[in-house]
Amino acid sequence: MNKTNNFNIESSVCVLCGRTDDCPEKYGEKRTYVEYNLTVHNYCLLMSSGIWQRGEEDEGIDGFLITDIRKEVNRAAKLKCNICKKKGASIGCVAPKCKRSYHFPCGIQKECIFQFMEEFRSYCWEHKPVQKFPDKECRGTSQCTICLDFVEQLPMYNVLKSPCCKNAWFHRECLQYQALSAGIFFFRCTVCNNKDKFQKEMLRMGINIPEKDASWELEENAYQDLLHHYQHCDIKRCLCKKGRDYSEPDSKWEIKRCQSCGSRGTHLACSSMKSWEQNWECMECRSIFAKSGSYSKQKKRSLPTSEKTDGTNCFLEEPSPKCPRQSAGSRRGFLLQSPKMMCQNNSSPCSHLELPSSNRVSLSPQMSNRNWSLRKRELRKQQREVSNILKELKRQVSSKTTRLNINAENIWNSALKGFRQRKFSPTNTIEIKFTNCKNRSTEDTSAASKHRFFQLLMLHLQDSSLFEGSSAKNLSLDFQAIKENLYFEAGKMIAVSLVHGGPSPGFFSKTLFNCLVYGPENVKPALEDVADVDVAQTIRMIKYANSLSGLQSTIHDSYEFLAAAGCLRPITALCDKNTLANDILVYHVIKRIISPLESFRQGLKTLGVLEKMQMYPDAFSSILCHKPERLSAETICDLFTINSSSDVNKVEGADFWISYLQDVESGESTITLEDILLFVTGSFSIPPIGFDPEPTIKFLQMRYPIGNRLLNCLELPITKTYKAFKNKMEFTIRNTLRLEGE
């Protein structure tokens, strides 16, 4: 129904109450319809006793037919208001034998109760419902948890008590404004967060709770500022030739933000970081942690630019220009070094060992190396356990194939389309065909394409709007994704990737993982789980407030957010801050995303993955919450089984092969260990389930090496010198991968 643009709305009179007031909060929206010569308040229409919605929503005025409205006006014209004594009283008290009639504004003034539910009943000032309080309950003053002003604890029209909390009192006006703002989906008790019981009582007592989304959710671009990411390299000597603001994703020139403040950044190469998963802190945050004495508790990273060999940690802001190229996470010369030499190397794990000063003891390099060996042995044990579990789940997969046509440039939409097609089944063998790759090598087999597809898919999920956080991610709240059931699809894709030989996501936070395994009600989140900078700052200000006045000031400044979160509570002592901070944390990290979490859990149930996660949490945590360790020469050496027709060639070729792996690991080669694995298998990482078939090496009389991705077999040439072997390897692998990239 169209409203007029040239009609004087302020001078128009409501046909039911006879007033010109335009106050949507009190009387509802005032609407004028020129074609019917009609002006009416929404609440006056809803509460009128002699009219019902006999039409559809798009008929008349919200289902009230125009002819019915005319009849109601004529009926009310015969009734006198018991309050203002004027004609037109369309609302009557529903109490038996009560004959009082009144206008809606007059009823508000006389403190009548109007129930905005079911039959839209109205009660006069004498028969209105009242809240009952125990006689033993103390009387006095309390703090309205919405406006934080004092309120009398008395059974009055303008004062309401929460039905679910003993000491929660509100001003009626405050509750009504909050209900209009929050809507039916977010209006709840500000103390205990109860929704059903609280709304039922407030509706009984005449609070109008509109069936709409919260007002802050309807504002266009309301959260636009939160989408801004800091993109600037603040290292004193930036190495990027394209400038400090240049950032190229998935490369060494990608900008990494400070994990503590997020307001400083660095190119990965400018701080000698080999991967995005490594933590980085700016100098300002480091100095703050150092002054507070808590820096030793932070997760430190020893950069490979230190030349010290005395076992002390050296944290640098800039890399040394003479630093040799190494594969991150590797230990150089693992076959040649003694345990003592490995611990003196600054890139070894023992240099990360940091104990509190009160408990610090002198550890020998042998002890540190032994601890690292035990840890590494345990990690490998968990990885073998996961591999066996996933192989057991893979028995469900039949030989029947399903082909997915994938556009690598639009990986998400094409994957979503493939997973939602009618013939798709997780128990079918999946074949991938990249439809936009015209020049792909004929060597790129189905297995290699599948590896690449799942790798691209996991990378997209990591950066998608379904998750939030830096490296350890939690689920975000995306209403459009909920509507399109994307959280379910994401969980399903991850489950299928694990069972069908793809990579694990590796970016789950411990909180998200525990919610999936143990249930959200049994998980206690940490402040690090809050991705929203403003929310995190609010929690910090509340948690570390050192005075009651400062705490109340923070609550007042964050009133709208706390009200929407249902975390407002009476603050009478400074010790209440811990409970309040915890309530905000639990709401923002867990309760806010209950719907996406449940949908995500349902998706992970595909092929029985979630059930196995719950049975073996430690094993699955190692692959879902952590990125796989960067490849080392030792890992590659253990991965491949050497086969040869000649024992002599086998021994000599094995020496060349191991020496070459050592050179690649130490940075004395133009390729990386990941390049070697990609050349042979089509994957630059080892999937949790492992490779099928297992990778092998053959030494043959041939000119150049060949990577047979169908059999995961690396065929190597027999050469007389190591130099010739190395040259052939680098020439073939470098050019093969370059051609595939084009």
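This is a short tour of the structure, stop by stop.

**Before you start**

The model is predicted, so local features need pLDDT of at least 70, side-chain atom pairs count only at pLDDT 80 or more, and totals for chains, interfaces and linings use all residues. Numbering runs from 1 along each chain as its sequence is written, and side-chain values use heavy atoms, with hydrogens and water left out.

**Whole protein**

Show everything as a cartoon. The protein has 26 helices and 20 strands. These are DSSP runs numbered from the N terminus: helices are H or I with at least four residues, strands E with at least two. Of the 742 residues, 48% are buried (under 20% relative accessible area; exposed is over 50%, partly exposed in between; 1.4 Å probe, protein chains only). Among contacts (heavy atoms within 4.5 Å) with a separation of 6 or more, 61% join residues 24 or more positions apart.

**Stop 1**

Select residues 401-406, strand 13. Thr402, Leu404 and Ile406 form the covered face. Thr401, Arg403 and Asn405 lie on the uncovered one. Thr401 stands opposite Thr429. Follow the chain from strand 13 through helix 11 to strand 14: this β-α-β crossover is right-handed. That is, with the strands pointing away from you, the path from the first strand over the helix to the second runs clockwise.

**Stop 2: helices 11 and 14**

Select residues 411-420 and 486-499. Their axes come within 11 Å and cross at roughly 85°. Axes are lines fitted to C-alpha atoms, for helices over the stretch in contact; angles run from 0 to 180 degrees between N-to-C directions. Helix 11 is therefore roughly perpendicular to helix 14 (65 to 115 degrees). Show side chains. From helix 11 come Trp412, Ala415, Leu416, Phe419 and Arg420. They meet Leu486, Glu489, Lys492, Met493 and Val496 in helix 14.

**Stop 3**

Go to the open sheet with strand order 17-18-20-19 and mixed pairing. Strand 17 (641-643) and strand 19 (706-708) are at the edges, each with a single partner strand, so one side of each has no neighbour in the sheet. The twist averages 25° from one strand to the next. Select strand 20, residues 713-717: strand 19 pairs with strand 20 in the antiparallel sense over three bridges. Cys713 in strand 20 is the bridge partner of Asn708. Finish on helix 25, residues 673-681, which packs on the sheet and touches strand 19 and strand 20. Its direction makes about 60° with that of strand 19.

Technical notes. Angles under 35 degrees count as roughly parallel, over 145 as roughly antiparallel, 65 to 115 as roughly perpendicular and the rest as oblique. Two strands pair if DSSP finds at least two bridges between them.
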